[in-house]
Amino acid sequence: NWPAEKFFPGKPYLNRGAAGQTSAQMLVRFRQDVIKLRPKVVVIAAGTNDIASVHGPITQQMSAENITSMVELAKANNIRVVLASVTPICDCYTKRSLLRPFGKIIGLNNWLEEYAAASGAVYLNYFGALGGRNLKQEYTSDGVLLNDAAYAVMASLAETAIAQALNKQ
């Protein structure tokens, strides 16, 4: 849902995000969609569909293992890593927290931030920028999916995180 050409005009970025995929599915296609393309930096945004159990139950530990594997694969191939937080949701239209509980989002984001620091990755905090525990209503039309206003905020943060990753030794 995030068109790179609209929010990153003139940038050599590739968007390999696939709506509805879990971290396990991302890990399966990581070699072809990331390593084979030989980028300098990869931005990994994983976990929201894990939390929602889109393809069946998954624990935070399982998400963490999948993300850890992606980071290790990237680093082994000299690709710098940006780990993006899971974006917040809001119950502003319907009870979205039944499927994506606030506590699970916060728990995974805490782990992502700690793991980014421990692994030398850059942590990209979309969660805080979009409202924290409750997604600001102006960034969504349904409480989960983000709109262009949210992507505009996120684009600036992504650019900064990519620059930080490129400058890391």
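## R96 and its partner D142

In this predicted model, R96 is partly exposed, with a relative accessible area of 25%. This residue forms a salt bridge with D142, and the closest N and O atoms of the two are 3.5 Å apart. R96 belongs to the loop between β2 (80-84) and α6 (102-119), while D142 belongs to the loop between α7 (126-129) and α8 (148-167), so the pair ties together parts that are 46 residues apart in sequence.

The accessibility of D142 falls in another class. D142 has a relative accessible area of 17% and is buried, because buried means under 20% relative accessible area. The value of 25% for R96 lies between that limit and the 50% above which a residue counts as exposed.

## Further salt bridges

The structure contains five salt bridges, and the bridge of R96 with D142 is one of them. Another joins the side chains of R29 and D33, with an N to O distance of 2.5 Å. Both partners are buried: R29 has a relative accessible area of 15%, and D33 has a relative accessibility of 16%.

A salt bridge also links the side chains of D91 and K95, here with 3.7 Å from N to O. In this pair, D91 is partly exposed, its relative accessible area being 28%. K95, at 51% relative accessibility, counts as exposed, because the exposed class covers values over 50%.

## The parallel sheet

An open sheet is built from three strands, ordered β1-β2-β3, and their pairing is parallel. Its edge strands are β1 (41-44) and β3 (122-124), each of which pairs on one side only. On average, neighbouring strands of the sheet are turned by 25 degrees against each other, direction ignored.

Strands of a sheet pair through backbone hydrogen bonds, in either a parallel or an antiparallel arrangement. For β2 and β3, the pairing is in the parallel sense and extends over three bridges.

Helix α5, made up of residues 60-76, lies across β1 and β2 and runs at about 155 degrees to β2. Helix α6 lies across β2 and β3, and its direction is at about 155 degrees to β3.

The position of α6 also leads back to the opening topic: R96 is located in the loop between β2 (80-84) and α6 (102-119).

Notes
Residues are numbered from 1 along each chain as its sequence is written. This is a predicted model: local features need pLDDT of at least 70, side-chain atom pairs count only at pLDDT 80 or more; totals for chains, interfaces and linings use all residues. Side-chain values use heavy atoms; hydrogens and water are left out. A salt bridge is a side-chain nitrogen of Lys or Arg within 4 Å of a carboxyl oxygen of Asp or Glu. Buried means under 20% relative accessible area, exposed over 50%, partly exposed in between (1.4 Å probe, protein chains only). Helices (H or I, at least four residues) and strands (E, at least two) are DSSP runs, numbered from the N terminus. Two strands pair if DSSP finds at least two bridges between them. Axes are lines fitted to C-alpha atoms, for helices over the stretch in contact, and angles run from 0 to 180 degrees between N-to-C directions. Contact means heavy atoms within 4.5 Å.
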